[in-house]
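The sequence and the structure are shown first.

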Amino acid sequence: MSSNLRGKIAITGVGTAGCGEAPGRSEIELLGEAARIAVADAGLKMSDIDGICTANLNVAMWPLNVIEYLGIRPSFIEGTNIGGSAFVAHLMHAMLALDAGICNNVLVCYGSNQRTGTFGRRERGMARNSLDPAPYEAPYKLFNPPSSYALIAARHMYEFGTTRRHLAEVAVAARRWAQLNPEAFSRDPLSIDEVLAARMISDPFTVYDCCLVTDGAGAFVVTRADRAKDARNKPVYLLGHGTAASHRTISCMPDLTVTPSVDSGKRAFAMAGLTTSDIDVVQIYDAFTINTILALEDLGFCKKGEGGAFVENGNIAPGGSLPVNTNGGGLSCVQPNMYGAFAVIEAVRQLRGSCGERQVQSARTALVNGNGGNAAASQSTAILGTEDVL
Amino acid sequence: MNDRSNSLGAEEQYFSHIRNGSFSLQTCDACKLTVFPPKEACPACLEPSLVWTPQSGEGTVYSCTTVHVTEKGKDPHNVSLINLDVGIRMMGTVDNRAAGDVRIGMRVRARIEESASNPRVVFDAVDGDAK
């Protein structure tokens with residue numbers, strides 16, 4: 001892949017709002033607050049935003065809702081929705097538009113009130129199942145998304161000897177990071193034994209193997225590198241990117257133990273001209289504990305089948321060899337149905353050095369791996385870096 | 001193409017067979033591939049020459065989970081992905097074993113579960129594991 005886009009764009013502003021519980025506030029209001037914070041953080045006015053990337057799981061023409069609410073008139077409008085990885089995937093689309101000169105400042109944004117909204121997660125799930133039925137799966141009454149990922153985990157355990165304890169290690173590592181993050185939703189101590197003994201959702205997952213269900217909004221501003229130099233904050237450059245997808249339903253995932261991250265990661269590393277050993281901090285879309293293990297394998301941080309052993313003994317927790325999901329991830333920090341934007345935002349904060357107690361010392365490179373679509377269906381990988389690694 | 005039954009889509013035809021008590025899959029007349037999920041043409045050779053073929057439905061459990069979040073009053077149930085010997089994978093449930101006793105590698109055979117509202121393909125474990 002051509003790497004002439006390496007370092008061409010930078011993230012200059014980030015913002016979050018309503019993370020956790022935001023009762024009485026609509027999705028667009030939460031998004032609006034995060035967007036306003038991100039735009040101000042980039043040192044811009046909302047009227048400077050001339051590109052928009054956004055997605056929502058309930059509203060078919062969501063970019064229009066956002067454009068109207070924010071009062072912007074963008075020349076680049078992007079609404080790709082491939083599940084929660086969409087906001088990582090949007091980085092590539094923003095990069096192409098910015099590099100082509102279609103626009104100057106792209107706002108990537110998301111907001112959800114799935115936890116406290118009166119039309120809540122259950123109602124939304126039922127409505128979506130009607131509009132987007134899976135006719136060959138629905139008769140078997142999966143509890144999705146957990147059941148689809150449970151099928152993946154069960155197969156991974158069968159093929160590679162991965163254990164429920166390995167899965168629990170991922171949940172505990174996320175919680176230990178969350179305990180260092182005052183913005184995280186779940187910060188109580190959590191042990192491996194507690195994960196194993198918790199209420200079973202879809203075997204082998206207990207409730208602690210499953211991500212949180214929170215409200216929250218996240219937004220970030222992307223601009224061309226030449227314009228980023230004047231930004232208020234240290235720009236975080238996009239060094240490499242790749243997106244891949246292969247299916248929609250778990251029945252049609254070619255190999256349950258291999259995600260499309262194999263392809264997205266390869267493309268991202270090739271564009272960045274980096275390898276896994278160059279990465280200082282990793283943000284993985286951890287919808288379920290197995291996601292972290294799959295991504296570490298498929299991105300090449302360890303061999304296929306060795307992800308369970310890799311996460312043992314706190315290896316991805318604070319003090320371990322590879323800092324993964326330093327905000328606490330979707331398992332313990334925030335998960336408003338689509339998490340991708342929050343993984344990007346945490347990577348930016350780490351590369352700015354603004355993470356306080358959970359800061360990874362002198363982090364210069366970060367990898368973000370988005371996951372989407374109920375069954376590890378879409379994967380989008382972004383490699384970010386500070387000016388030093390341009 | 002005035003025959004209305006011939007104009008039904010592949011999905012509707014698949015479920016129509018099930019309602020009539022037959023587990024049938026499309027096979028390609030041109031390249032002999034068995035196709036699932038149902039398509040309007042063969043995904044391998046692109047020939048629109050798919051023929052509905054009754055299946056004995058023998059296969060192996062590829063993965064399985066016990067779903068504990070169920071309708072009120074219902075016991076946890078099994079959901080499995082089955083690799084059929086004819087070369088396709090489909091979702092199903094292993095019906096003649098307790099949910100917790102279903103294992104990857106179990107040999108299974110398909111059967112139509114009669115139901116007034118929602119007849120479906122289910123699987124029964126048969127003796128012997130996959131070789």
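A residue counts as buried when its relative accessible area is under 20%, as exposed when that area is over 50%, and as partly exposed in between. With a relative accessible area of 46%, A:E21 is therefore partly exposed. The model described here is predicted.

**Salt bridges**

Side chains of opposite charge can pair when their charged atoms come close. Over all chains, the structure holds 22 salt bridges.

| Salt bridge | N to O distance |
|---|---|
| A:R115 with A:E21 | 2.6 Å |
| A:D41 with A:R352 | 2.8 Å |
| A:R349 with A:E183 | 3.5 Å |

A:E21 forms a salt bridge with A:R115, and their closest N and O atoms are 2.6 Å apart. This pair links distant parts of the chain: A:R115 is in the loop between β4 (105-112) and α4 (121-131) of chain A, A:E21 is in the loop between β1 (9-20) and α1 (27-41) of chain A, and the two are 94 residues apart. A:R115 has a relative accessibility of 38%, so this residue counts as partly exposed.

In the salt bridge between A:D41 and A:R352, the closest N and O atoms are 2.8 Å apart. Here too distant parts of the chain are linked, with A:D41 in helix α1 of chain A and A:R352 in helix α13 (residues 340-352) of chain A, 311 residues apart. A:D41 counts as buried because its relative accessibility is 16%. A:R352 is likewise buried, at 16% relative accessibility.

Helix α13 of chain A also holds A:R349, whereas A:E183 lies in the loop between α6 (164-178) and α7 (192-197) of chain A, so their pair ties together parts that are 166 residues apart in sequence. A:R349 counts as buried at 17% relative accessibility, while A:E183, at 48%, counts as partly exposed.

A further group involves both chain letters: a network of salt bridges links A:K141, B:E71 and B:K74.

**A strand of chain B**

How many of the 10 residues of strand β4 (residues 58-67) of chain B are buried? Nine are buried, so the strand is largely enclosed by the rest of the structure.

β4(B) pairs with strand β5 (residues 77-84) of chain B in the antiparallel sense, over eight bridges. Within this pairing, B:G59 has B:L84 in β5(B) as its bridge partner. β4(B) is also joined by three bridges to strand β7 (residues 106-113) of chain B, and these strands run antiparallel. There, B:R109 in β7(B) is the bridge partner of B:E58.

Methods:
Residues are numbered from 1 along each chain as its sequence is written. Chains are lettered from A and ligands numbered from 1 in the order in which they are written. This is a predicted model: local features need pLDDT of at least 70, side-chain atom pairs count only at pLDDT 80 or more; totals for chains, interfaces and linings use all residues. Side-chain values use heavy atoms; hydrogens and water are left out. A salt bridge is a side-chain nitrogen of Lys or Arg within 4 Å of a carboxyl oxygen of Asp or Glu. Helices (H or I, at least four residues) and strands (E, at least two) are DSSP runs, numbered from the N terminus. Buried means under 20% relative accessible area, exposed over 50%, partly exposed in between (1.4 Å probe, protein chains only). Two strands pair if DSSP finds at least two bridges between them.
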